[in-house]
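Let's go through this structure by asking how we know what we say about it. Have a look first, and then we'll start.

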Amino acid sequence: MSTAVQDARYSWGGDEFVFVELAEEMSLQANFRAMAITSRLRDERPDGIVDICPANASYQVHYDPDVLDPRELLAHLQDLERAVGDALDVSLPSRVLDIPVLYRDPWTTETLMRFRDRHQDPDATDIEYAARINGYTDVDEFIAAHSGSPWFTSMVGFVAGLPFTFQMVPRDRQIVVPKYLRPRTDTPKQTVGYGGCFSCIYSVRGAGGYQMFGITPAPIYDPTQSLPDFTDFLVLFRPGDIVKFTPIDRDQYDDAVAQVEAGTFRVTAHDVDFALEPFLADPDSYNARLLEVLA
Amino acid sequence: MTASIEVRKPGLSTTVQDGGRPGYYHLGIPPSGGLDQYSLAAANLLVGNDAGAAALEIVYMGPELLFTAPATVAVTGATMQPRVNGEDRPLWESFDVAEGDVLGFGYLTAGARAYLAVSGGVDVPDVLGSRSTYGLGGLGGFSGRPLAEGDVLPLRGGTGRTGLVVPGDLRRPMSKDVEVRVVMGLYDHRLTDQGRATFLDTTWTLTPVADRIGFRYTGAELETVDREPPFGAGQDPSNIVDAPYPIGSIQVPGGVEPIVLHRDAVSGGGYMMVATVVSCDLDVVAQSAPRTRTRFVEVDLDGALAARAEQRDRARRLREALG
C-alpha cells in the first residue's frame, strides 16, 4: 500500500487560500501526510492563519494576506512537506469511535425508493447494488465487510461535521461504489452513506449523492450542544479519528434513540496513537490491536 | 418593553448576518456572514455600529418589520426602496424609525441583496464568535434559519445619528453586466487550452440557482483533458478525489454550469475547481441577480492582492466619510 511519494502540487485559491494536493489518487498515506503537515502547522499557528483544512489527499490553508505574506507561507508549507516526507515514521494522536449502525433501516429505505429514477440499478436497493458490484454473495456478507474493518476519518466537511472515512484495508479489498447518477434532494439525518471509496455519515438532513446503507442513532452534530459528547464542541468528528461501524438491530436502535432523547447517549470512544508504518506493514494485525480498546 | 422587531412579513429569505464566523471551515462550518461585506459594513457604519455588526440580509424581496422602540436604521446594497409606514426613505442614508413604525420595501430594481442595519445591532446569541445564520447547519442567527412571520427579533437598542449619507462614489454600483476577477488554478490543468479559453471568453449567465451556498452559471461547455481516473476520484472527467473547496472557488461539474461557492459554501467535494474569485469580488457576485451576464477576468496573485488593497482603501474612505 505504500508508494513512492511524489512532490505536492501548490496552487493559489484567490488571495486568501493556498491549496495543496499531495497526491492525485486516494491513499491512506496521502491522507496521513496531509494530517501530519497540517498538524505541524496548527501547532506553530503563525499569525495570519485563519483556518487549516486537511482533506483526503490534499489540504488548504485560509490566511489573511494583510498579515501573512502568501509567498512566505507557501515556502513554509514546502518546508513542512519536506520535513514530513513519506510520513512513515509519524505517529499522531487519534481516537477509536464505535458507531452503531442499523443497516437496511426503514428511513433510508423509504428515501431511496423515492429516488430510484436517479439510480444505476432501479430494481435493487442501494446496499444490494453495492454488494453485487463489489462481488459479495449477499448483503449480509457485504455488511460484514463494511463493519469488519476500521475506517480512517480522512476529512470532515461538505456540511457541518460530516466525516469522510476511508477503509483501512489493502486497496484490492476496498469497497468502491459510484455515487447516484443524479443527486437526491433528500437524505435522512445520520444516514451512513457511500460514494467512491469513502463511507460517510450525513450530519444533517438534505441533498446527497452517496448510496445509503443504513442509519446511526448516534448524533454527530449538535448545534444546541445539549448532549454530553458535545459539551466542548458542536461537532463529534475530528480528522484522523478511527471509526468502527457496529451493526445493531431495531431494538438496540430504539434503545439508543431513547438515550439520545433522555440526553444521556454517549459514543464509546478511546484515545489511541496511530502510526502509518506498522499499519502499512500488516494492516489486519494492526487493526485488530486498534479495535481491542473497544472490547 | 425591550427593543425588538416584529416580523409581519418575512420577505423571501431574510437572515441575520454579520462579519462572519471564520476558523471552523476545517469541520465543515463555513464563514457565513453578509455575502456583500462592503454593503453590510456601509449599513452598519451609517447607524454607528462596528462594520461587522449583526444586521439583516434581504434577498430579492423585502420583509415588513414593526419596530417596538425608536431606532436609527440604514439600508444599503440592492436597490429596494425602503418605506416607513408607506413613505419613501432614502437608500445609503441613515434615518429614524419611531416606536410602532412599520418598515417595508419596494420591488427590487437593481442588485440582489439589501442590508438593513439597526443602531446597536440585532441581538441574537453569539455562536462561535458570530451572530451569522448558517442555514444548512441550523446554526447561529435567529434559531439558525431565515426569519418567519411572527418572529420577534430582539435588538440591542439605542439610536444613532440620522441623516448620514454614503457619498455617491462610495456606493456599490449595481449592474446586469459584471466582471469578476479570478485567479486561475486548483484543478484548471484538467481543462484543455481550449477549455480554459472558453471559460475566460464566455459571457456567462447567472441561473436562478443562486443562494448563500453557491451561484450557478450557464453559457458553455468546457473541454477537459482525457485521463484514466485516479483511484477514489470517480468516472466523470470533472471528478477529483474529494478535496477542500476555497470560498469563492469555481467548480465545474461535468464541464458545464460553473458554480461559484460563496460564504455558506460546502467545504469540500469531488468536482474540479478551475479558478477562485478574488475575495473582494465576492461582493460583486453577491449582488448578481439571475440572468446577470458575467465575465470571469483572470488576474494573478499580485493582481488579486492589488484588488484587495483597493477595496481596503475604499473601506477606509467609507469609514472616514461616516466617522
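## How do we know?

Of the 323 residues of chain B, 53% count as buried. Keep in mind that this is a predicted model.

Q: What makes B:V97 count as buried?
A: The cut-off is 20 or more other C-beta atoms within 10 Å. B:V97 has 24 of them within 10 Å, so it counts as buried. You'll find B:V97 in strand β7 (residues 94-97) of chain B.

Q: Which residues does B:V97 touch, leaving out those up to four places away in sequence?
A: They are B:F67, B:P70, B:A71, B:V73, B:V84 and B:L103.

Q: How far apart are the C-alpha atoms of B:V97 and B:D126?
A: They are separated by 26 Å, and the two residues are 29 places apart along the chain.

Q: Why is chain B called as compact as a globular protein of its length?
A: Start with what it contains: four helices and 18 strands. Its radius of gyration is 20 Å, close to the 20 Å that the globule rule gives for 323 residues, so chain B is as compact as a globular protein of that length. Along the principal axes, its C-alpha atoms fill a box of roughly 65 × 35 × 30 Å.

Q: What share of the contacts in chain B between residues at least 6 apart in sequence joins residues at least 24 apart?
A: That share is 76%.

Q: How do you know that β2 and β3 of chain B pair, and in which sense?
A: The cut-off for pairing is at least two bridges. Strand β2 of chain B and strand β3 (residues 55-59) of chain B have four bridges between them, and the sense is antiparallel. To pick out one of the partners, B:T14 is bridged to B:I58 in β3(B).

Q: Which way do the residues of β2(B) point, and are they buried or exposed?
A: From strand β2 (residues 14-17) of chain B, B:T14 and B:V16 point one way, while B:T15 and B:Q17 point the other way. All of them are buried.

Q: What makes up the largest nonpolar core?
A: It has 173 residues, and those with the most contacts inside it are B:A43, B:A55, B:L116, B:A117 and B:V274. Strand β8 (residues 102-118) of chain B gives the largest share of this core, nine residues. As for B:A43, what it touches includes B:A55, B:L116 and B:A117, and also B:A74 and B:V75. As a rule, nonpolar side chains in soluble globular proteins tend to be buried together.

Q: Why is chain A called as compact as a globular protein of its length?
A: Chain A has eight helices and twelve strands. Its radius of gyration is 20 Å, close to the 19 Å that the globule rule gives for 295 residues, so chain A is as compact as a globular protein of that length. Its C-alpha trace spans about 55 × 40 × 40 Å along the principal axes, and 46% of the 295 residues count as buried.

Q: Why are the buried residues of α4(A) said to be on the same side?
A: In helix α4 (residues 126-133) of chain A, the buried residues include A:D126, A:I127, A:A130 and A:A131. They cover an arc of only 130° around the axis, which puts them on the same side of α4(A). Among the elements covering them are β5 (91-103) and α3 (106-114) of chain A.

Q: How many residues of the two chains are in contact?
A: 44 residues of chain A are in contact with 40 residues of chain B. On the side of chain A that touches chain B, β3(A) supplies the largest share, five residues.

Conventions. Residues are numbered from 1 along each chain as its sequence is written. Chains are lettered from A and ligands numbered from 1 in the order in which they are written. This is a predicted model: local features need pLDDT of at least 70, side-chain atom pairs count only at pLDDT 80 or more; totals for chains, interfaces and linings use all residues. Helices (H or I, at least four residues) and strands (E, at least two) are DSSP runs, numbered from the N terminus. A residue is buried if 20 or more other C-beta atoms lie within 10 Å of its own, exposed if 12 or fewer, and partly exposed in between; C-beta atoms are placed from the backbone. Two residues are in contact if their C-beta atoms, placed from the backbone, lie within 7 Å. The radius of gyration is taken over C-alpha atoms; the globule rule is 2.2 Å times the number of residues to the power 0.38. A nonpolar core is a set of buried Ala, Val, Leu, Ile, Met, Phe, Trp, Tyr and Cys residues joined through C-beta atoms within 7 Å. The arc is that of the directions from the helix axis to the C-beta atoms.
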